[in-house]
Amino acid sequence: MKTILTICSLLCCLVFQAQTKISGKLVDQKGKPQEGVNVFIEGTYDGAPSAADGTFSFETDAKGSQVLVISSLLLETIRETIVIETYKSRSFTVKSSANALNDVVISVGSFQAGGNSKASVLKPLDIVTTAGSPGNIIGALQTLPGAQIVGESGRLFVRGGESDETQTYIDGIRVAQPYGASANNLPTRGRFSPFLFSGMSFTTGGYSAEFGDALSSVLLLNTIDEPDQEKTDISLMTVGLGVGNTQKWGKGSFSFNTSYINLEPYQKAIQQNVDWIKPYQSMSGEMVFRRQFKNGLFKFYTAYDYANFELNQKDINYEDPIRVAIQNNNLYLNASYKGNFGANWTIQTGIGYGYSLTKTDLDSNAVKDQENAAHLKLKLGKKFSNKVRMIFGGDYFTTDFDGSYRQPSNEFKTGYSSGIGALYAETDIVLTSDFAVKAGLRGMHSDLLGTSVLEPRASLAYRTNKNGQLSLAYGDFNQLPKQDYLKYTSAFEPEKTAHYILNYTYNPNGRTLRAELYYKDYSNLVKYNTDLPQYNSIYTNNGSGYAKGFDLFWRDNKTVKNLEYWLSYSYIDSKRDYKNYPDKVTPNFVANHTLSVVGKYWINDLRSQLSVTNSFATGRPYNNPNEMTFMNGKTTSYNSLSLSWAYLMSPQKILYLSVSNVMGKDNVFGYQYANSPDVGGQFQRQAIGQAADRFFFIGFFWTISQDKKSNQLENL
């Protein structure tokens with residue numbers, strides 16, 4: 001903390017440079033003033049939204065030739081070169097984007113980032129500038145309604161669903177292993193850095209018939225279609241270093257980034273609640289090759305990472321801690337093509353492959369898990385008119401899993417091979433400018449289970465006024481039981497849930513309000529009769545459950561100049577009878593109330609962005625064997641205040657500081673109880689808590705580009 005205060009004091013003592021005022025007015029083609037449009041100098045924090053009369057005004061210390069950017073989700077972006085010293089106030093005429101249809105848009109259950117979607121509530125910058133997430137896409141998503149805070153996992157838990165109920169896609173191709181390696185009750189991160197992605201869609205329910213084998217949610221990540229210029233990015237961080245480069249030629253381009261992470265310096269500086277033998281280390285890299293064709297775009301994406309760490313992990317059932325050593329190798333790649341042909345036809349096709357090998361040593365025992373997974377996709381679309389569109393296509397997923405558990409005296413092996421084929425069709429019909437309908441059907445067949453299912457999906461939306469919209473959605477969703485069960489037996493039916501959603505969205509300029517009611521009805525959930533799933537457990541599909549609740553999201557970037565903030569609140573009532581539960585109860589990953597407050601303030605004089613995030617959740621249930629009632633315990637509430645500061649040292653150099661859980665709140669996520677009572681007849685316990693009370697991060701980011709202005713502000 002002394003280091004933070006020293007750096008902050010030095011930054012605050014900087015001598016401010018002379019400011020130049022940039023002003024003007026924005027009007028549409030009919031001369032009507034345009035409110036809430038972002039106007040800024042490219043590569044800086046200098047800018048402001050336009051006022052109700054269309055005027056804008058801000059100060060900048062930039063000099064010479066600069067690019068003035070005028071941008072809004074519903075307008076075509078204007079990029080105009082100006083000379084700061086000779087610039088004079090003027091009017092700009094803006095045009096509606098070709099993608100910003102005046103018709104109602106069905107957006108129930110979906111949060112968008114990037115692109116020109118009217119359903120967007122986040123910008124790409126928000127995904128990685130949120131304090132407390134330190135560059136982790138999953139961490140930023142946990143500030144949105146519908147996502148639960150499960151600190152001992154780090155994965156996405158959505159609306160009463162476990163983390164495996166969310167599927168991740170890159171450029172439309174599924175990722176079988178989206179999370180990094182982790183030990184029991186230690187949080188992991190998403191595998192993919194944000195540097196190569198331009199857009200995101202996070203659906204919390206009621207999603208398209210295009211996607212399946214997911215009970216709760218789908219996360220879609222889209223890589224950058226075309227970089228604007230050649231550049232090199234260098235990152236020096238307290239937890240490691242990284243380098244990235246982009247090259248362009250003719251109709252092609254290539255981007256890559258690589259990083260080395262070593263948490264030893266951080267773990268020595270910040271007191272740890274874990275006995276680390278070998279701190280977490282990883283080597284990772286990603287690349288995208290792009291080739292533009294006359295009618296489409298081909299992309300080849302690949303990512304690789306290697307991680308290893310070792311620790312002594314306490315277990316209430318053993319006097320001495322258990323030595324846990326983990327090594328993980330992961331490879332993911334996909335090739336995709338998206339284009340158009342004929343009369344208003346589109347095509348999207350691709351293939352993806354994922355490989356994961358995890359070796360875990362537990363004292364004298366060893367666990368080895370290996371997975372090979374592939375996805376083949378073909379989707380066709382036809383636009384019959386501005387009012388009627390249709391998509392149809394198919395998927396095929398394969399998974400081969402091999403596992404082994406070796407003890408000094410014997411070895412036990414598990415494994416399975418799975419193939420899932422699916423066909424789907426979906427139609428969007430805009431009946432009037434205020435009323436639209438989406439209807440779809442997905443069919444899925446599993447050769448492992450020998451079962452087939454049909455999944456009807458339907459949504460409708462009604463625009464109540466210029467800025468308001470009411471939506472309804474229904475859908476059936478099926479998913480194969482998770483790997484923990486399939487590696488022992490395939491005598492299952494697919495698990496199933498039905499989604500019912502009512503959504504209201506209000507989008508005045510510069511503000512967004514989303515309110516959503518939902519109900520999820522679970523059936524065919526897996527149950528077993530042992531403490532943990534194992535080879536001799538008796539498995540059934542007799543489990544059931546429900547999740548119902550209310551989500552609220554409010555974002556405002558207009559009320560206070562240079563301030564953007566959002567509030568996210570979720571209420572959920574969820575109960576399940578599954579696993580080895582004797583009754584239908586609230587599972588241990590569900591908190592009834594969750595609240596996140598995120599604020600980002602641009603300080604023009606300091607050329608800085610200050611970000612604040614406070615996340616709160618009420619206590620989660622846990623089972624106390626000393627009590628008669630199952631799952632009757634409740635943890636204390638979760639609370640974490642995080643801060644970050646990005647300082648633009650020069651047009652291409654950034655200093656970034658971040659502290660998570662500034663107040664050092666001792667958050668407890670549950671308890672592990674002894675398998676047997678002590679001499680007094682009581683079951684002893686130990687808390688499941690945080691690996692450390694705080695996470696501290698400092699980074700220096702330097703971009704070298706042709707225009708000498710680009711930087712990594714959008715990646716911090």
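This is a predicted model: local features need pLDDT of at least 70, side-chain atom pairs count only at pLDDT 80 or more; totals for chains, interfaces and linings use all residues.
Reader: Is Phe412 buried, exposed or partly exposed?
Author: Phe412 has a relative accessible area of 33%. Buried would require under 20% and exposed over 50%, so Phe412 is partly exposed.

Reader: Is Tyr535 buried or exposed?
Author: The relative accessibility of Tyr535 is 55%. The cut-off for this class is over 50%, so Tyr535 counts as exposed.

Reader: What kind of aromatic pair do Tyr169 and Phe211 form?
Author: The model has 28 aromatic pairs. In the pair of Tyr169 and Phe211, the ring centres are 5.0 Å apart and the planes stand at 65°. Planes over 60 degrees apart count as edge-to-face, so this pair is edge-to-face.

Reader: How many residues apart are Tyr169 and Phe211?
Author: Tyr169 belongs to strand S12, and Phe211 to the loop between strand S14 and strand S15. Both Tyr169 and Phe211 are buried. The pair links distant parts of the chain, its residues being 42 residues apart.

Reader: What kind of aromatic pair do Phe412 and Tyr535 form?
Author: Phe412 lies in strand S25, and Tyr535 in the loop between strand S30 and strand S31, 123 residues apart. Their ring centres are 4.9 Å apart, with 45° between the planes.

Reader: Over which ring does the charged end of Arg90 sit?
Author: The charged end of Arg90 is 4.0 Å from the centre of a ring. The ring is that of Phe92.

Methods. Residues are numbered from 1 along each chain as its sequence is written. Side-chain values use heavy atoms; hydrogens and water are left out. Rings of Phe, Tyr and Trp (its six-membered ring) pair if their centres lie within 6.5 Å; planes under 30 degrees apart count as stacked, over 60 as edge-to-face and the rest as tilted. Helices (H or I, at least four residues) and strands (E, at least two) are DSSP runs, numbered from the N terminus. Buried means under 20% relative accessible area, exposed over 50%, partly exposed in between (1.4 Å probe, protein chains only). A charge sits over a ring if NZ of Lys or CZ of Arg is within 6 Å of the ring centre and within 35 degrees of the ring normal.
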